[in-house]
Amino acid sequence: MSSWPLVGRAGELDRIVAVMTGRAGNGLVVAGPAGIGKSRLLSEARSRAGAWGAGVSWVFATPGGIPLLPFAHLLPAADGELTRTLTAAAAHITGSGALVIDDAHLLDPASAALARHLVEGAAIPVVLAVRGEGTAGWWRDLERIALEGLTESDTAELLSTALGGQVESTLPAHLLRLSGGNPLLLRELVEAATFTEMNGVWRLLQPIFEDTNLPATIAARLDRLAPAVRAAAELVALAEPVGAAILERLIAPEVIADLESERLLTAPPDRRRHLVALVHPLYGEALRATLPPLRARDHRRRLADAVEATGARRRRDKVRIAVWRVEAGVAADPALLREAAWEASEALDHQLAGRLLQAAVDADGSFESRLALVAELPYLGEATRALELAQALEAEAPDDASRARTLSARARVHLIHGQVSEARNTLTFAVLTTADPQVRLRLEISRAAQAFAVGYIGESVELADRILRRHPADRAALAVSQVRALACAGRTRDAIELAHVALDGSDGPRAELIRMALLQALALDGQIANAIELGQSALEAEATGTAATWRAYWAHDLGQVFLLSGRPATARRWLREALAVMPIQGIAASPQMWGLDALSEAESVLGDAYRAGKAMERLRAGLPGGFAAPRRSGSVWARYAEGDLTAAVDLALSQAAELEQVGSLLMASWVLHDAARLGAATTVADDLQRLAASSQSALQSLMARNAAALSRRDAAALDEISREAAATGCVLWAAEAASTASLIHRAEGRLGSALASSARLNDLTPACEGARTPGLSSPPAILTRREHEVAGFASRGLSDREIAERLHLSVRTVHSHLYRIYRKLNIEHRSQLPDIISP
């Protein structure tokens, strides 16, 4: 354990070091169960005490009872009489510094007598490590530290340090559940596991154990089980938690009694069912890892039969039956496989849905099975096969409705494959050639969702408004895309109302998706705290483990809200995880287009131009032709991170025009506001005011008023903006406004007002998590945009000629800019720039 970081023990460490250095008492007991980290903690304390100049001797107690053996290396030559030996030993040890006695509960009587004499005589500081609670034994009256297991945050810190990077947020809870917070067991698990780094996030993508790497204690416990009892435990491991009634169908009563006698079973709490599971999750991991293939097939077949015989009434029962049958290699009803696949797909487990549907196709080859498979193949990297299958099905369609469903599926495959024009044309053709009004309605709803998916916000909103005027009952079907579309268009209150109405009649995965859309609508309306609360509560409620797909989608949206709130480090953490975990790697026109843009902005604002550029490279590589990306701030801030303010502002202006053209009015305001924050407030203030005039969003109004105040250099208005932005939850905007207000107050001779604005800036800055923007640094606010660019490049160490080439200027012009910069900043040389301008 000495090579692992010590986490979560700061208070205990300080107390032990204080005793070792003679600053706090002369005796201390460190108690806790085996593997809790007592020795590791004492070793770290010994090192720190040594830094204080205190020597610390170490005694290891061992079983066996040989008198004074643990102290042998510290004792003088014995003369044979125990009392005189102990007295001489105590005198010899006294004055040699502090003493640590590890596993003091194992001391032989003579050694225990010596240790007690040293403590009671207060001759030397003594720290004892004992197993258990430390309340029994001659040391019971000493000051005591009872070590607790690691917490989830301790585990997260330890894993992040040990693996050397960010870990998936569900991983600490998963390993904490397996280890029980025991550091030694946690280390064994980490060393046994195979971790994979994906997009900067460490993940656990496979079971921890194989039959060759089981911890010795677990292997020994399982190996001594009778064959029938082990087989029964294996069955529980495959199904846990499993209903007691199912277990009683499959296992003889006497074997169940033996399982309970071995203390292998527990009853997880459930208000409606009597459930049974293995007493510790590690037993399940170990049993599944060592399960012979033929016996596993038999167990799964028996489980499927038993659950099916009960009517499969519980949630996910059909999925479990289908999976057990497919994995057992036995025949399954194709209708059951299709239904289970639909449930898996709704839960975003496209890999499982594809497996089940392929089994259904292999079983019956029906039109329905093949059509369902078309929708899942793109997620398996088989978009070309999906298109070929869809075209074949279109020719086979038995009726108009089936043909329309096939065209709709083909349009979706085109979209996922990045063929935007083909997707739009296919769906439009389906609408125009379908006679059934109900089928046409479903296709129109799909068109509205498709228009949003490819970024044509105005078209999507117009289609949805037309549908809802004629069919108001279809709100739930439209809400998944329309809540987001309305919010992007600036109709945030309409979006929030639609979400609440749709949620009233929705449940399951559809409700989950609507709640995600509601989070975005709340944020864009300016209800940042409500959006964060919704996202965090959803993350806490989602399943933990190694395949928490829903968490990835929540993390994706929550990361963008944190970025809007001005907390880029937190945003980056969630966005990195979302992009690593989402099961849609490499799929064009996916939510990752939003996430990559947001990640680029977060990296840029944190000063990492390289990673910002890499995120934008990934976005450009996956961005299909004809796709109007709704979020455009990442590329703007990436240019800023490179030091090219002029290019950043020009890009913001062009992208805002494109967003407005497709009806994404609020997102156009957002990128125009970025331009204002980058020094172009005068250029964009009127456009922001015009867009805000037709908007329902308080956030959009705040953007317009902030740009207007910046363009007028109105310090009082900026102070008000700062207070309002902070109340809204946009702490970075608030800090920038306070910084600029302070500078203007000072320049105009209002020292008291300047100090008040500076005080607000100081209060807000810690919440901004190290963000670097032009508005946060007061000195650059007195520079022109071009001067800021030149100063930024110079602070990075670029020569005058290199700066001139970057900015397409003459070297003489660069010299002139630097001269004015030095005068404005009251410095004499470019070497002083890094202290003033963040590179």
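Helices (H or I, at least four residues) and strands (E, at least two) are DSSP runs, numbered from the N terminus, and the expected span of a helix is 1.5 Å times one less than its number of residues. The views below come from a predicted model, in which local features need pLDDT of at least 70, side-chain atom pairs count only at pLDDT 80 or more, and totals for chains, interfaces and linings use all residues. Residues are numbered from 1 along each chain as its sequence is written, and side-chain values use heavy atoms, with hydrogens and water left out.

**View A. Helix H21 and its surroundings.** Helix H21 covers residues 437-453. Its 17 residues reach 24 Å from the first C-alpha to the last, close to the 24 Å expected at 1.5 Å a residue. Look for the buried residues (under 20% relative accessible area with a 1.4 Å probe, protein chains only; exposed is over 50%, partly exposed in between). In H21 they include Val-439, Leu-443, Ile-445 and Phe-452, along with Glu-444 and Arg-447. Among the elements covering the buried residues of H21 are helices H19 (400-416), H20 (420-432), H22 (457-470), H23 (475-488) and H29 (592-605). At the start of H21, a side-chain oxygen of Asp-436 comes to within 2.9 Å of the backbone nitrogen of Gln-438. After H21 comes Gly-455, with a positive phi near 95°.

**View B. The open sheet.** Here 5 strands line up in the order E2-E3-E4-E1-E5, with parallel pairing; two strands pair if DSSP finds at least two bridges between them. E2 (56-60) and E5 (143-146) stand at the edges with a single partner strand each, so one side of each has no neighbour in the sheet. On average, neighbouring strands of this sheet are turned by 20° against each other, direction ignored. Strand E1 (residues 27-32) pairs with E5 over 4 bridges, and Val-29 stands opposite Arg-144 in E5. E2 and E3 are joined over 5 bridges, also in the parallel sense, with Ser-57 opposite Leu-99 in E3. Because 4 of the 5 residues of E2 are buried, E2 is largely enclosed by the rest of the structure.

**View C. Helix H2 across the sheet.** Helix H2 (residues 38-51) lies across E1, E2, E3 (98-102) and E4 (126-131). H2 runs at about 160° to E2, where axes are lines fitted to C-alpha atoms, for helices over the stretch in contact, and angles run from 0 to 180 degrees between N-to-C directions.

**View D. Helices H9 and H11.** The axes of H9 (residues 227-239) and H11 (residues 253-261) come within 9 Å and cross at roughly 85°. The two helices are therefore roughly perpendicular to each other, a label for angles of 65 to 115 degrees. Ala-228, Val-229, Ala-232 and Ala-233 of H9 meet Val-255, Asp-258 and Leu-259 of H11; contact means heavy atoms within 4.5 Å.

View E. Gln-166 lies in strand E6 (residues 166-167) and counts as buried at 14% relative accessibility. A polar atom of the Gln-166 side chain lies 2.7 Å from the backbone oxygen of Arg-573. Leaving aside neighbours within four places in sequence, the contacts of Gln-166 include Trp-202, Arg-576 and Glu-577. Gln-700 sits in helix H34 (residues 698-712) and is buried, with a relative accessible area of 1%. With neighbours within four places in sequence again left aside, Gln-700 touches residues including Gly-490, Leu-665, Ser-669 and Leu-691.

How values were computed. Polar contact = N/O pair within 3.5 Å; in protein donor to acceptor, adjacent residues only side chain to side chain. Parallel < 35°, antiparallel > 145°, perpendicular 65-115°, else oblique.
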